[in-house]
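Colleague: Could you walk me through this structure? I have not seen it before.

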Amino acid sequence: MALDHRLTTEHEELRRTVEEFAHDVVAPKIGEFYERHEFPYEIVQQMGAMGLFGLPFPEEYGGMGGDYLALCLALEELARVDSSVAITLEAGVSLGAMPVYLFGTEEQKQEWLPRLCAGEMLGAFGLTEPECGSDAGGTRTTAVLDEESGEWVINGSKSFITNSGTDITGLVTVTAVTGRKENGAPRISTVIVPSGTPGFSVAPAYSKVGWNASDTHELSFTDVRVPRANLLGEQGRGYAQFLRILDEGRIAISALATGLAQGCVDESVRYANTRRAFGKPIGANQAIQFKIADMEMRAHTSRVAWRDAAARLLAGEPFKKEAALAKLYSSESAVTNAREATQVHGGYGFMNEYPVARMWRDAKILEIGEGTSEVQRMLVARELGVGE
């Protein structure tokens with residue numbers, strides 16, 4: 001049976017709704033937030049009111065009863081206009097709320113998910129550390145259970161954590177070593193740390209190359225105490241849990257990257273049809289036409305790739321390789337399209353008043369975050385049975 005990645009009526013209506021929101025609400029305002037390195041609380045609040053943060057979650061937890069495809073469609077449309085807003089949604093859902101939904105107890109779900117789904121609260125995923133990124137098995141943060149008080153005592157630090165220091169950040173799920181296996185390898189678990197817990201401190205925001213209207217901080221934990229019940233999922237299963245989160249998250253990042261790649265096409269088409277040189281629009285030049293055609297080819301292929309991975313996820317089929325392929329191809333396509341869009345715009349592409357300048361700055365992180373391009377290639381090779 002042939003694969004059909006065309007959207008259902010419901011998914012297409014959602015896509016159009018988010019497309020209109022992105023162009024009518026986000027586009028006119030986001031440049032100012034970006035230049036000021038300011039988190040767009042008003043826009044995030046509107047996204048929450050639209051139900052975007054609750055898209056893939058059941059209605060019983062305050063969600064919209066949709067699926068992961070719906071989330072990814074929203075991410076692509078937002079990223080066509082701005083990646084800071086898109087990554088705020090992606091991290092809030094895929095990394096913030098999804099671990100609670102997938103691995104949390106019923107009590108944890110009832111406590112956290114309604115506010116996370118409403119966008120009233122943001123969750124963050126504390127995985128990466130200053131000396132441990134791709135090698136997440138090298139986690140140094142520890143969580144020791146104090147049997148007398150029944151509390152986890154957490155010490156360590158995390159770096160590059162999205163949505164971790166906003167005024168509405170409510171929790172961070174922290175991966176930490178909670179013991180050792182017989183061979184000495186760490187047993188990694190995940191613990192929920194509410195914002196404001198004594199000993200949990202948030203460093204000043206990073207000075208970033210891009211994603212300047214999103215929130216990113218280094219976190220530190222000094223004798224942070226949380227109840228035993230804050231363990232998320234099974235003790236010692238934190239490593240497996242975060243691998244699942246990242247597998248799904250790669251589809252979401254691929255959708256976001258596709259949106260940026262498509263946004264570069266949108267802006268380049270608009271500019272090529274209006275900018276005149278030597279008495280005619282620059283789009284009349286075949287060199288520009290070919291450049292934009294290649295950009296569209298990359299955006300279209302990226303879209304097919306992430307939708308294929310999403311379809312496999314929703315069907316309950318294996319999707320690890322397809323998610324890695326989608327993330328790898330779309331992120332590299334986003335970087336290439338951003339470079340080419342800047343070239344189409346010439347000197348104006350180097351000016352921050354034009355969206356492509358923002359896209360150029362935002363694109364590179366897509367080849368790094370949630371698994372570098374090198375990690376994706378390693379995963380694909382491993383799935384093919386190479387180097388085992």
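Colleague: Which residues does the UniProt annotation "domain: Acyl-CoA dehydrogenase/oxidase N-terminal" cover?

Modeller: According to that unreviewed entry, it covers residues 8–120; UniProt positions are given in the numbering used here, feature names are shortened, and annotations may be inferred rather than shown by experiment. This is a predicted model, in which local features need pLDDT of at least 70 and side-chain atom pairs count only at pLDDT 80 or more, while totals for chains, interfaces and linings use all residues. Residues are numbered from 1 along each chain as its sequence is written, and side-chain values use heavy atoms, leaving out hydrogens and water.

Colleague: What about H1: how far does it reach?

Modeller: Helix H1 (residues 9–36) has 28 residues and reaches 39 Å from its first C-alpha to its last, close to the 40 Å expected at 1.5 Å a residue; the expected span is 1.5 Å times one less than the number of residues.

Colleague: Where in H1 is the kink?

Modeller: At Val26, shortly before the proline Pro28, H1 has a kink of about 50°. The bend at a residue is the angle between axes fitted to the seven residues ending there and the seven starting there. After H1 comes His37, whose phi is positive, near 55°.

Colleague: What covers the buried residues of H1?

Modeller: The cover includes helix H2 (41–50), helix H3 (68–79), helix H4 (83–103) and helix H9 (355–363). Among the buried residues of H1 are Leu14, Val18, Phe21 and Ile30, where buried means under 20% relative accessible area, exposed over 50% and partly exposed in between (1.4 Å probe, protein chains only).

Colleague: And Leu78, what is it in contact with?

Modeller: Leaving aside neighbours within four places in sequence, the contacts of Leu78 include Val18, Phe21, Met47 and Leu89; contact means heavy atoms within 4.5 Å.

Colleague: Changing topic, is strand E1 enclosed or open?

Modeller: Five of the five residues of strand E1 (residues 122–126) are buried, so E1 is largely enclosed by the rest of the structure. Leu122, Ala124 and Gly126 lie on one side, with Gly123 and Phe125 on the other.

Colleague: Which strand pairs with E1?

Modeller: Strand E4 (residues 169–180) pairs with E1 in the parallel sense over five bridges; pairing requires that DSSP finds at least two bridges between the strands. Gly123 stands opposite Leu171 in E4.

Notes. Helices (H or I, at least four residues) and strands (E, at least two) are DSSP runs, numbered from the N terminus.
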